[in-house]
Amino acid sequence: MNDSVTYTADEFLDIRLELPDAGRWTELNQGKIINLDPPDIEHGTIVLNISKVLSVYLHKVNQGYACFDLGLLVSQDPDTIRFPAVSIFNSGKRFEETDKTVSDRKPDAVIEIASTNPRRKSMTGHVKDYVIWGIDLIWVIDPASREVLEYQPEKGSEVIDMQGKLTGKNVLPGFVMPVKDLFAEPDWW
């Protein structure tokens, strides 16, 4: 692939299936295609654990929905598409973003998992993109440190360790999950 070529979001989506692993582990950063390492087992464990708690919460409040690995067009000209592990939408028609590959609709919260070194290194850029775009709640889960970086635009960032809890603040009122539960082995192991 020619590193000097830049792509629009549409061009990226047109060629994505031709990329290694059908483009599953790629993003578009200011028009450049970026290859990421595939997520590891711990990444999957974290997604499973948080999705269970989110499902119970979203059913209880009967509002909003979560999308997994949905591409978010966070900026244009040049285009940047991020694929966070989870995007949470509180408004709009329920599940309207679920079947899309990429959305330009801003979620209320995103969850990223820094599960490999390349993913960890890219998180500063991801968080910056989400902040500029105006996302209200950002969680970056780091399996290596067993911590979560929580960022809210009006309050800044906070690191929550294994003794702490994720709370949805005003974005997901009433949501609570102990950080240690993110890293728990699934029941069937």
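The legends below describe close-up views of one predicted model. In this predicted model, local features need pLDDT of at least 70 and side-chain atom pairs count only at pLDDT 80 or more, whereas totals for chains, interfaces and linings use all residues. Residues are numbered from 1 along each chain as its sequence is written, and side-chain values use heavy atoms, with hydrogens and water left out.

View A. Helix α2 covers residues 41-61, 21 residues in total. Helices (H or I, at least four residues) and strands (E, at least two) are DSSP runs, numbered from the N terminus. From its first C-alpha to its last, α2 reaches 30 Å, close to the 30 Å expected at 1.5 Å a residue; the expected span is 1.5 Å times one less than the number of residues. The buried residues of α2 are H43, T45, I46, N49, I50, L54, Y57 and L58. Buried means under 20% relative accessible area, exposed over 50%, and partly exposed in between (1.4 Å probe, protein chains only). N62 follows α2 and has a positive phi, near 50°.

**View B. The salt bridge between E27 and R82.** The closest N and O atoms of E27 and R82 are 3.1 Å apart, and the two residues form a salt bridge. E27 lies in strand β1 and R82 in strand β5, so the pair ties together parts that are 55 residues apart in sequence. E27 counts as buried at 2% relative accessibility, and R82 counts as buried at 5%. A salt bridge here is a side-chain nitrogen of Lys or Arg within 4 Å of a carboxyl oxygen of Asp or Glu; by this rule the count comes to ten salt bridges.

**View C. The salt bridge between R120 and D142.** The side chains of R120 and D142 meet at 3.3 Å, N to O. R120 belongs to helix α3 (residues 117-133) and D142 to strand β9 (residues 137-142), so this pair ties together parts that are 22 residues apart in sequence. R120 is partly exposed, with a relative accessible area of 25%, while D142 is buried, at 16%.

**View D. Further salt bridges.** K180 and D181 meet through their side chains in a salt bridge of 3.4 Å, N to O. D181 is partly exposed at 31% relative accessibility, and K180 is partly exposed at 48%. A network of salt bridges links E96, E97, K100 and R105.

**View E. A negative surface patch.** D10, E11, D14 and E18 form this patch. Patches are made of residues with over 30% relative accessible area and no salt bridge, with like charges joined within 9 Å and nonpolar side chains (Val, Leu, Ile, Met, Phe, Trp, Tyr) within 5 Å. E11 sits in helix α1 (residues 9-15) and counts as partly exposed at 39% relative accessibility.

View F. Q30, in the loop between β1 (26-29) and β2 (32-35), has a positive phi of about 50° although it is not a glycine. Q30 is exposed, with a relative accessible area of 53%. K169, in the loop between β12 (165-168) and β13 (172-178), is a residue other than glycine with a positive phi, near 50°. K169 counts as partly exposed at 31% relative accessibility. The peptide bond from D77 to P78 is cis, with omega near 5°; P78 is placed in the loop between β4 (71-75) and β5 (80-82).

Technical notes. Accessible areas come from the Shrake-Rupley method with a 1.4 Å probe; for residues, only the protein chains shown count as cover. Lys and Arg count as positive and Asp and Glu as negative; His and the chain ends are not counted. The place of a charge is taken as NZ of Lys, CZ of Arg, CG of Asp or CD of Glu.
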